[in-house]
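I opened this notebook to record what I looked up, entry by entry. The structure is shown first, and my notes follow.

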Amino acid sequence: MGKHRAFNALTACGGILGESYFSEFGDDDVSKTDAPALSWRGDPLQTHSDWTIVVVTSEFDSRTYHVHKSILSVGPRSSKYFANLFLEQGHHYNQSQTTRIELDEQDADSFPLFLDFMYNIQPDNDDDSLSLIVGEDFTTSNAVSLRHLARVFDCEGLMLGVNKFIQKDLSLKTGPVYLTQAFLYQDERLVESAKRLCIDNFKHIDKRSIVKLPLPLFRSIIHSVTERFQISGIAYNDEDSSELSFQVSDVVCQFFERNPEHVSIDLLLELTSEGIMPQIASEPAIGFTALARELDSSKIEANSEQWKGVVTLCKRCAEAVVSEYGWKDFNVVSALDEFVYGPCASAEGSKMDSLLFATSFAAALEKAQVDLRTVNHGTEKVREQVSGLRKDNDDLLTKKQGLKQDVDKYRRELDYTKEELIMLKQELRGLKKKHRMSLHELS
């Protein structure tokens, strides 16, 4: 038994004993080399590249990559596009070992990252080869392009990797960027995700990024924001409604100012309608007025729906400005001089100038009338209060007179009581005196 125990112990410790008798180093007859990982970036002769990809961006520009079929077609990061291509080419003898691919400039810039992803076959900590951590070169600006390449070349690993990156990177700051890029690539799934983020967080997103959106996206965002508010409006109060309306008016005005090529009568009326912005902030109101002045009124038929819409918009803008800054600074004399001698009176003058004058004058006059009614109403209230105070004062005087009469009555009764008390005291003294005299006589 002792021999068996010793043998088993030596067997279990074989690894430790082996280190004492044999070293992993020492075979000098074998060359020592620091072999780098296989890459498409190296010398094709040294890396034994067996395929060439030529990416063409224009008639005069192309980029060549020397790759390895086994990397591109086998493994969790492989491309089914290239796997099928290599399989098809394998059935034809003496076929060209080159693939020519046409890509736009942005996708061509992302193509090396696509190759890097396929060549990087080291798994991460969870040993899930399809959820490998993407390279540091993956950024907000190229993630959508990489999603496009993953779809074009049918690379599931790249699609999952980029999706994980976007999931972590999508934020209030990057949302509009992803939305624009996804729209350009017709990536509907990402468009819907990024658009939902922008709609749900419209109040908090930098408006400068919203006004940079393409027109179809901008229109969709504005309509969706107001529709969402109206649907869930029961959870909002009047202050929330005003704040959102002011923000929308500010964003729409900035969009038109940044994109003057999109200014048209129909679009201006659509995005400034009361359904979109029930209230207009004062600064955007000034901007919309300037935009309306630039409209070609000759293309607007009199009494048409377009003209009525323009009149309504100008009126709302004038009311917003007057409401913010008041009517007292509105110089009637100067306004009339401008109307009589200014653009409205000249041959080049348009009915738009007349409309702007009329709406501004009307808004100032209406505000003045409202203020006057407010003052008169306030004066009437003061009069009612004074009348009430006078009535209360008269009632107090009447009560005071009654109290005075009661006091006089009580005083007279008190005087009479005092007189009776004096008489009673005198009678009492007389009785006491008689009582003493009677006692004296008896004694």
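Entry 1, aromatic pairs. I took rings of Phe, Tyr and Trp (its six-membered ring) as a pair if their centres lie within 6.5 Å, with planes under 30 degrees apart called stacked, over 60 edge-to-face and the rest tilted. I noted that this is a predicted model, in which local features need pLDDT of at least 70 and side-chain atom pairs count only at pLDDT 80 or more, while totals for chains, interfaces and linings use all residues. Residues are numbered from 1 along each chain as its sequence is written, and side-chain values use heavy atoms, with hydrogens and water left out. By the ring rule I found 12 aromatic pairs.

Helices (H or I, at least four residues) and strands (E, at least two) are DSSP runs, numbered from the N terminus. Tyr-65 belongs to strand S2 and Phe-111 to helix H5, so their pair ties together parts 46 residues apart in sequence. Phe-111 also pairs with Phe-114, edge-to-face, at 5.5 Å centre to centre and 65° between the planes. These two residues are 3 apart in helix H5, which means a separation of about one helical turn. Ring pairs join a cluster whose members include Trp-40, Trp-51, Tyr-65, Phe-111 and Phe-114.

Which class does Phe-111 fall into, buried or exposed? I used under 20% relative accessible area for buried, over 50% for exposed and partly exposed in between (1.4 Å probe, protein chains only). Phe-111 is buried at 0%, and Phe-114 is likewise buried at 0%. Tyr-65 is buried with 7%.

I located Leu-149 in helix H6 (residues 140–152), and its relative accessibility of 0% counts as buried. Its C-alpha atom is 7.6 Å from that of Phe-111, 38 residues apart along the chain. Leaving aside neighbours within four places in sequence, I listed its contacts (heavy atoms within 4.5 Å); among them are Leu-103, Phe-111 and Phe-114.

I read an open sheet of 3 strands in the order S2-S1-S3, with mixed pairing; strands pair if DSSP finds at least two bridges between them. Strands S2 (61–67) and S3 (98–102) are at the edges with a single partner strand each, so one side of each has no neighbour in the sheet. Strand S1 (residues 51–58) runs antiparallel to S2, joined by 7 bridges, and Val-54 stands opposite Thr-64 in S2.
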